Amino acid sequence: MPNLRDFERRLGGLVEGLFSKTFRSGLQPVEIAKRVVREMDDTKQVAINEVWAPNRFEISLSEDDAPRFQQMESALVTELKQVVLETAAERGWGLVGPPEVELFIGHDLRKGDLEVEASLVQGEEKVPPAAVAEAAEAGHHGELLVHGVDSIRRVPLDKELVTIGRLPESDVTIEDKGVSRRHAQIRTNDGRSTLTDLGSTNGTKLNGEQVQSRPLSDGDRITVGTTVIEYRRV
């Protein structure tokens, strides 16, 4: 399924080093996503004119597998919610409320096993199929992967203007002596993001080239000071 391939790509980009070291064997993130999709299909409720899919998923992992997912739990939950939206949109299903995903430890589970309990939890408003499609599309915004010494920080481009700099009030605060207080910004309009240098002392590079203002493409690498920021179109 295309949305599961996108799930792997997005999640792999967030924790690229973690995947190679931690997920060589055992339960894989995509197996959880596949199980969520299966439970959506098995638990959906067919009404006269509409089909309503479950929107809450309680996922139990074994005591052996759970620690491997701890570092990426927030990212995994976010991406699983997106899978729920994309699957419902793809199949024309509605949701009785926004997607909810929670991870638990199943003390009776063996390594590699998982359990997924799906249910329909009424939200303040139902999300009919047309609105599900809009919500799924809204999830396809850009994001920044800020490469640190030992980790990768994820920053969603969830508003029109995102600022980068040393100032604490920056959307992307970077503790790097080569970064100016107000270094650069990324403006997103109609799904298109543009990088602009804000008169920084050391300048802003895009794929190794000094730039003043330039549209961004998936996979572009922004360098401010010694910090590398990767742009992803998700």
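R38 has its place in helix α3; helices (H or I, at least four residues) and strands (E, at least two) are DSSP runs, numbered from the N terminus. The model is a predicted one, in which local features need pLDDT of at least 70 and side-chain atom pairs count only at pLDDT 80 or more, while totals for chains, interfaces and linings use all residues. Residues are numbered from 1 along each chain as its sequence is written, and side-chain values use heavy atoms, with hydrogens and water left out.

**The protein as a whole**

- The protein contains 6 helices and 17 strands.
- Of its 234 residues, 46% count as buried; buried means under 20% relative accessible area, exposed means over 50%, and partly exposed lies in between (1.4 Å probe, protein chains only).
- Among contacts between residues at least 6 apart in sequence, 62% join residues at least 24 apart, where contact means heavy atoms within 4.5 Å.

**Helices α3 and α5**

- Two packed helices are described by the angle between their axes and the distance between the axes.
- The axes of α3 (residues 29-43) and α5 (residues 73-91) come within 10 Å and cross at roughly 40°.
- For this reason α3 is oblique to α5; angles under 35 degrees count as roughly parallel, over 145 as roughly antiparallel, 65 to 115 as roughly perpendicular and the rest as oblique.
- Axes are lines fitted to C-alpha atoms, for helices over the stretch in contact, and angles run from 0 to 180 degrees between N-to-C directions.
- On the α3 side, the contact is made by P29, I32, A33, V36, V37, M40 and D41; on the α5 side, L76, L80, V83, V84, T87, A88 and R91 take part.
- By class, this contact of α3 with α5 has 11 nonpolar, 1 polar and 2 charged residues; Ala, Val, Leu, Ile, Met, Phe, Trp, Tyr, Cys and Pro count as nonpolar, Asp, Glu, Lys and Arg as charged, and the others, Gly among them, as polar.

- R38 of α3 is partly exposed, with a relative accessible area of 46%.
- The C-alpha atoms of R38 and A118 are separated by 9.9 Å, although the two residues are 80 residues apart along the chain.
- E73 belongs to α5 and is partly exposed, at a relative accessible area of 33%.

**T227 in strand β17**

- T227 is found in strand β17 (residues 227-233) and is buried, with a relative accessible area of 10%.
- Leaving aside neighbours within four places in sequence, T227 is in contact with V146, H147, I174, D176 and I222.
- The side chains of T227 and D176 are joined by a polar contact of 2.8 Å; a polar contact is a pair of N or O atoms within 3.5 Å, and within protein one must be able to donate a hydrogen and the other to accept it, while residues adjacent in sequence count only if both atoms are side-chain atoms.

**Residues in loops**

- G178 lies in the loop between β10 (172-173) and β11 (184-189) and is buried, with a relative accessible area of 17%.
- Not counting residues up to four places away in sequence, G178 touches H183, N202 and G225.
- N207 is found in the loop between β13 (204-206) and β14 (209-211).
- N207 has a positive phi of about 55° although it is not a glycine.
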